[in-house]
Each structure stands twice: as C-alpha cells, then as structure tokens.
Amino acid sequence: MIYEISNGVFTAKVDSLGAQLVSLKGTDGFELLWVGDPVYWREHAPVLFPIVGALRDGRTRIDGRWYEMSRHGFAKNMEFALDEQGEGYLSLALSASDETRKEYPFDFEFAVTYELSSEGITTRFTVRNTGSLPLPYSVGGHPGFNLPMGEDARFEDYTIQFPEQERQECPAIDLETGLIHGDKKAFRLDGKEIPLQHSLFYQDALVFEGLKSNSVRVVNKKSGRGVEMDFTGFPMLGIWSAVNDGPYVCLEPWTGCATLTTEGDEFVEKKGMAQLAPGREAEHSFTVRFLGMDKNVSWKQLQKDVYRNKLDHGFNVTDVNL
C-alpha cells in the first residue's frame, strides 16, 4: 500500500512494502527522490536491516547454524504495518515472524518513521529487542536523489562537501561479491570537497568511517541547489551511484557494513554489529534538507487549499483577502 503525507511544503509517498520512501516533491512538483529507473537502479530509498551490505556467499553463522540472507537484509522485501500517521508524519512497523526467523533467529520490532519539515525530511529507525537474548543488528538508509535537481545543469556541476577537513582512505569493494576489502584502498580524501563525477563510482560506493563531519552535502556551487544530510550518530557513510552513469546519487548513513574480506562469517562479529539487550530499544535517525529551493507555497496551491477549506468546513471565502 502507498501512503501519502504532506506539510504544505513537501509531499512524500511511502510504500508499506519495505517501508520505502518512493516519492518526495516540493511545491514546484519536481521529484527530488530518485525515480527508480531499472536501467540504472530500480529502488528509491530502501531500508537496510538487520544487515548493511553483503554477506560472504550470502550467508552467515549464528549460534553454530548457517542462515542465508540477501544483500542489505530482508526488511526491504517485507510488508510493514501502519503504526501511526498524522499531518506530515508516518510510522510503519515490522515484527519478528516465522518468516523472518528463517533468516534471523531473533525476536524484534523494527519501526521506520518519516517526518516532514519546512526544509526536508527526517527518517528515524527504532529497533526493539522483544526477546530474551541480546539482539545483534546493523541498520542503514539508502536514499537516492535525482541529479540535476530541477535545474539546467549537469551531474558534474555538483560537488560533495563536508564541513570539516577530512582525511580518509576509502576501502575497495569487490564488484562481484559486494565484500569490502579489509586492506585494499580505492579512494583518498584529503580536504572538504570531492568534485562529483560518474567515475567515482565505477568501483562501487565510497565508504567513509569515523568522519569528523556529522553532515554532507551534494550541491551545485553556482546555483546553490542541492541536498544536505545530517547523519549524526551513524559511524559510517556510503556515497554511491550506478556504475553505468546513473543520473542520481545516494547518501547512505550506516551503523555497519558489508562483510570484510579479512573477517569471518560469525554474525555477531561483523564490523559495526550492535548488541541490544533484552527489553531495550535504540533509535537511529538522519535528516535530509534541500538547498536552494523555493519553499513558499505557490499561488495555485494556496487557491487549492482555500477551496478545500471551503468544501471541508463550509467557509464562505468569496470576499476573503488572500
């Protein structure tokens, strides 16, 4: 089922299958979220749980048994139930079942909440341990954004910017297996800025860990149009686009990552794996803001809202000065 929320500045649509954000538009009607063209990438903004990235051979060992799980976990392929909905926000939830225990033998509740603001949208993940054993998990976001962003520009007119001076060596990723090389590097950042170009992603995502910055932006310096993400509390950040020059970029806050080539297959020993005690819950959230947008409600939209008020409440607005 597709749910819609709006706050007069932004309108979002969320699919109950995977609790995935599938559309996000401002008052100008431009689709800010990646459109899901299968030529490049059929998703929009999948939710990653209870793992981020790929497992070696698609399987992992938990308490001496082997379990199979696809890349980024099963949540993105499961139907979520409506938990709560109001003006400008929506919460969907997934609980452990016989189906989830075939891949992940734990009791849990996992909620995904979207809340619109005047500047963008906040995504919040809430993980609850409803079992009697510690709950190991990783969680992450994977939203893609159309580039260019409703302006006469090229992909290469944008730049990736961090507020702090960064020194990072991004690990190489095996394109066939999706595993992260534990000792091989693919990209080096020394500064605050990375000019955006498709070739950055020909070896998969740029993976950053332990950044000084708590935010990142992809922006056209000439127009000021772009997107900014605050990922405070997430130790890792992936930046990705399709290897075949996709016209979008993904900003991905992660608590963990794909299996390293230098680590084993024990689930609880995976890099970044959290352990949540029985009866406890944890929250992880990130906020996306859109830059250089006209956030004023259009005259046409104002007329629609006034007319809707008249229909809903019986107001006579013929002589009201708007």
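Is N129 buried or exposed? At 4% relative accessibility, N129 counts as buried; the cut-offs are under 20% relative accessible area for buried, over 50% for exposed and partly exposed in between, with a 1.4 Å probe and protein chains only. Before you go on, note that this is a predicted model, where local features need pLDDT of at least 70, side-chain atom pairs count only at pLDDT 80 or more, and totals for chains, interfaces and linings use all residues. Residues are numbered from 1 along each chain as its sequence is written, and side-chain values use heavy atoms, leaving out hydrogens and water.

**Stop 1: N129**

Select N129 in strand 10 (residues 120–129); strands are DSSP runs of E with at least two residues, helices are runs of H or I with at least four, and both are numbered from the N terminus. Its side chain reaches the backbone oxygen of L276 at 2.8 Å. Leaving aside neighbours within four places in sequence, N129 is in contact (heavy atoms within 4.5 Å) with residues including D107, P134 and R280.

**Stop 2: aromatic rings**

The structure holds 22 aromatic pairs. Rings of Phe, Tyr and Trp (its six-membered ring) pair if their centres lie within 6.5 Å, with planes under 30 degrees apart counting as stacked, over 60 as edge-to-face and the rest as tilted. Show W41 and Y248 next: this pair is stacked, at 5.7 Å centre to centre and 20 degrees between the planes. W41 sits in the loop between strand 3 (20–25) and strand 4 (47–48), while Y248 belongs to strand 20 (residues 248–254), 207 residues apart. Both W41 and Y248 are buried.

Move on to F49 and Y104, with ring centres 6.1 Å apart and planes at 75 degrees, so this pair is edge-to-face. F49 is buried at a relative accessible area of 0%, and Y104 also counts as buried, at 0% relative accessibility.

**Stop 3: the cores**

A nonpolar core is a set of buried Ala, Val, Leu, Ile, Met, Phe, Trp, Tyr and Cys residues joined through side-chain atoms within 4.5 Å. In the largest one, of 76 residues, Y104, F110, F162, I239 and F290 touch the most other members. Strand 9 gives the most to this core, with five residues. Finally, centre on I239, which is in contact with F162, F201 and V249, among others beyond four places in sequence.

Key:
A polar contact is a pair of N or O atoms within 3.5 Å; within protein, one must be able to donate a hydrogen and the other to accept it, and residues adjacent in sequence count only if both atoms are side-chain atoms.
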